[in-house]
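Trainee: Could you take me through one part of this model up close? I would enjoy a connected account that I can follow on the screen.

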Amino acid sequence: MINLFKKEILGFLSSLTGYIVIIVFLSINGIFLWVLPDGYNVLDYGYARLDGLFYIAPYVFLFLIPAVTMRLFSEEQRSGTIEILVTKPISNFKIILAKYLAGLFLVLFSLLPTLLYVISVYQLGFPAGNLDLGSIWGSYVGLLFLGASFVAIGLFASSVSDNPIISFIIAILLSAFAYDGFELIYSLSLFSNIDLFIQNLGIRSHYISVSRGVIDSRDIIYFLSLIFLFITFIQVVFDKKEAKCFVKKSKGVTTFRMNDGRIRRLFMAFLIILIINFIGSTIYSRWDLTAEKRYTLTDASKNILDKIDNKLYFKVYLDGDFPAGFKRLRNESREMLNQFRAYNKNINFRFINPSAETDNEKRNRLYEYLAASGLNQTDLQVRTTEGLRQQLIFPGALVSYKDKELPVDFLNSQLGVPPEAVLNNSIQSLEFNIANVINKLSRTTNLNIGFLTGHGELAPQYVADIVQTLAQDYVIEGVEINGDPNSLLEFVSADSIQNKYSALIIAKPETVFSTQDKFVIDQYIMRGGRILWLIDPVLASMDSLKRVKSTMAITKYLNLDDQLFTYGVRLNNNLIMDLNALPIPLRTGQIGNQAQIEFFPWYFYPIISPTGNHPLIKNLNALKTAFVSSIDTIYTPGIKKTILLSSSNNSKVINTPAIVSLDILQSEPDVRFFNQPDQPIAVLLEGKFESIFKNRLSPFSKYTAASVIIEKSEPTQMIVVTDGDLIKNQLHNTRHDPLPLGYDQYTQQTFGNKDFILNAINYLTDGRELISIRNREIKLRLLDKAEITGNRLFWQLLNVILPILLVLVFGMIQSLIRKKKYTGRYI
């Protein structure tokens, strides 16, 4: 068997045809990956990855491997040496295995020079070595299994014909159908109930799964089953004597009739394959080789998927010809959805190109439908042979489950963040976004959220957008305490009292809280209630500045300072000024009847860019604020304090009372005075809080449910923000209807206010586990653009020419050794 293996290897490496086949393989890969300016070009892609190689290589293998295997049996049959071979003291299975291993070795030999691509990308990383080698090696494992499957198919094609050309054609057709044929049938959606089963019959879905860098035992079992199946077919064709076949020759193609014993053997082979794959689909293991374990779902996602007991369908509108960054987002989205589907077979998806429709009217109707459904559009500039053109895309999906449908965006826009970082952050958030929308669709009961009223809180029109958004997942109620001790309580039974609301939102109160109201809120917290405080410690407003150039900012007395101090924070009576500020429109003159409007940064409107690693704010867009104050944290045993939001490095504070004047915009600010950086404006408090009414009498009658004071809370959380406007949406200038929270109609920018509020409520209620998904971090692996620009030709020549030269040098050395062995001299 070893001698036969060596014979096949040496025969291939001693022929000119063998080297031509390998050189063609390397040339095609090298030109596509390093020279041609298309989506597969490593240098144009900009990321330290080799996705192009693992996409192109299967299609090159469709021709390379049939060329390698076409002579392995057909040549033996045509020359008549097959009869001599079977008379040797070696079983037919060992003959087949030796030739199969020889073909597999030759495929591996052709892949070895491509390791130069890995070395090049490793060196081109920014910084050097910024490459996920685990993912690369996993992808090579997938490519090796793909090659092993094609070798088995090619060997079978070689066994059924004594004409190498016919064997070559048969191998290409069979391999192409096995790789893409089932995928094509799946894409036609002809068998809705078994579409996924049909897709899994093909090689492509399993290859894509492994080539991500994830070794799944189900994929390995599939590849081994496919190889075993075709080797069994080869035995049916090859083992004439022991299979007792009646053989006749017709036009160079071997035909046969099998006896019952051989049919039983084939039946047993199919049965074994079915049993092993069935067991493997229920009992399996996965090994995620990627550096950040990016394809391993968190326990939170798995818990959410366990609730899905019916078909859940993603229509992903992220397909088409995109720039490299969006192609990466599309590929990562597909791979993440594959991961969700691997855990729960009820998950299914399809990628759609909304711009593929040639009829302009139908395409525009689709665009309108997607926008009305809640998907955000993005305008791209796509480079074509005719120059740059605008392309409208909707980087997200519509997700349907039972009778519900919700949108989910895959692109998380962030102001002031480079496009590469935005895309990377969006990829990091994919699991969270997908798990979040599945969680919303699968939720059967909604929790109650209370909006506190009665203290001059924001009017309904100013919280309309966030209320409407929260109402998709929660039951929203306005609640006024008004001295009622039971306003936040729910009586389950005579002996059981619980909080009525899972969370309470206090949005920009303006009037004083009575002792009774403070007591009700305090005891709500003691019973485990959670609160989002949005409090303005200072009274300041732009409304006054619409009439005069200056106004006075004064302390706002709400009677909450002692209560919040007991819980662990102090709201300072000051205002933060920040050079990173929101521009406001001001009238600077008039030409005829036309007012001249210019934008100036209003330093009392800081733009807050979340920089922490807490999952509540991770990858969050910048937030706009208005007349925000700083917070101090107070030492309180057992309370964990986390700063969520802070001002920039160029900020300062002014104490109240203070004059707020538009005159500060008449000259450039002195940066030297903005020397009080990182002023906290939002704090998360977690733990067991002490009641402010500890060792005090209840303000209510002893005969009420509030007569007993709970002095220590259950473990709970609260978030304190020193800006009531953070939750306030603008009203349209002319229509006066509510605009989306976070949208500024003057600069036409959308900030992350809504996402922050949603994350805060999710964190305070049932979504802490879900929010924890944001802790996952995927490192941004870019190529060194300066090195690529300066030495592009060098890297192209290195990766196109050097692999071929290595093969030629090996061939020359092998030829010299062979001649020396048989002639005893060099020629």
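Mentor: Gladly, and keep in mind that this is a predicted model. Let's begin with a side-chain pair: N348 and R341 make a polar contact through their side chains, at 3.4 Å. N348 itself sits in strand β7, which covers residues 347-351. Leaving aside residues up to four places away in sequence, N348 touches Y186, L312, Y313 and F314, as well as R341. So much for that strand residue; now to a pair of helices.

Helix α4 (residues 51-69) packs with helix α7 (residues 92-111) at an angle of about 135°, and their axes lie 10 Å apart. Because angles over 145 degrees would count as roughly antiparallel and 65 to 115 as roughly perpendicular, α4 is oblique to α7. The crossing of α4 past α7 is right-handed. On the α4 side, the contact is made by F61, L64, I65 and V68, while α7 contributes G103, L106, V107, S110 and L111.

Finally, have a look at a sheet. Three strands make up this open sheet, running in the order β22-β23-β24 with antiparallel pairing. Its edges are β22 (581-591) and β24 (623-624), each of which pairs on one side only. Between β22 and β23 (residues 594-608), the antiparallel pairing extends over nine bridges. To find your place there, look for Q590, which stands opposite A595 in β23.

Notes. Residues numbered from 1 in each chain as written. Predicted model: local features only at pLDDT ≥ 70, side-chain atom pairs only at ≥ 80, totals over all residues. Heavy atoms only, no water. Axes fitted to C-alpha atoms, helices over the stretch in contact; angles between N-to-C directions. Helix = DSSP H or I, 4+ residues; strand = E, 2+ residues; numbered from the N terminus. Parallel < 35°, antiparallel > 145°, perpendicular 65-115°, else oblique. Left-handed = near helix turned anticlockwise from the far one by under 90°. Contact = heavy atoms within 4.5 Å. Pairing = 2+ DSSP bridges. Polar contact = N/O pair within 3.5 Å; in protein donor to acceptor, adjacent residues only side chain to side chain.
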